[in-house]
Amino acid sequence: MQLKIDTSKRVELVDITSQVQEEVRKSEIPEGICLISTRHTTAGIIINENETGLKDDIMDLLNRLVPASAGYRHDLLDNNADSHLRAVLLGASEGLPVSEGKLELGTWQRIFFAEMDGPRSRTVNVTLLRAERYKE
Ligand code: ZN
């Protein structure tokens, strides 16, 4: 299934944990794998803590690693090379175990859609695989 996300800034971390958890609940899968992926080339999926200072630190890190308008070839085409390059560093998917019907997330872990070229209307795919039960 697909989540729809409307981002409001050029660079933004959107916490999508509760939407993903709701899809896991509706699936009624007790044990398995949940894959969270995005088909966009200027966005990513990451897992980390939802703390305001840390989110700003992540943005600062991306700015330091991939400054805007640093002479990129792709900027000649549509002027958003930094967005693509940041998305490369973040990755387009995350996989999580589903156990006893719930996502296996640590206490402080949250799932983020990482917008690198907003604001835009975006989609995130949530794919659930049920694990077979093996007899001992
Ligand atoms: Zn582009």
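The following exercises, with worked solutions, concern a predicted model.

Residues are numbered from 1 along each chain as its sequence is written, and side-chain values use heavy atoms, with hydrogens and water left out. Local features need pLDDT of at least 70 and side-chain atom pairs count only at pLDDT 80 or more, while totals for chains, interfaces and linings use all residues.

**Exercise 1.** State which protein atoms are donors of the zinc ion, and how the donor residues are spaced in sequence.

*Solution.* Donors are N, O and S atoms within 2.8 Å of the metal (3.2 Å for Na, K and Ca); water is not among the atoms, so sites may look incomplete. The protein donors are H74 (NE2), D78 (OD), D78 (OD), N80 (OD1) and H84 (NE2), at 2.0 to 2.6 Å from the zinc ion. The spacing of the donor residues is H-x3-D-x1-N-x3-H.

**Exercise 2.** Classify D78 and N80 as buried, partly exposed or exposed.

*Solution.* Buried means under 20% relative accessible area, exposed over 50%, and partly exposed in between (1.4 Å probe, protein chains only). D78 has 42%, so D78 is partly exposed. N80 has 5%, so N80 is buried.

**Exercise 3.** Describe the surroundings of D82.

*Solution.* D82 belongs to helix α4, residues 81-90; helices (H or I, at least four residues) are DSSP runs, numbered from the N terminus. Its relative accessibility is 3%, so D82 is buried. Beyond neighbours within four places in sequence, D82 contacts (heavy atoms within 4.5 Å) R10, V66, P67, A68 and Y72. With R10, the side chain of D82 makes a side-chain polar contact at 3.0 Å; a polar contact is a pair of N or O atoms within 3.5 Å, where within protein one must be able to donate a hydrogen and the other to accept it, and residues adjacent in sequence count only if both atoms are side-chain atoms.

How values were computed. Helix = DSSP H or I, 4+ residues; strand = E, 2+ residues; numbered from the N terminus.
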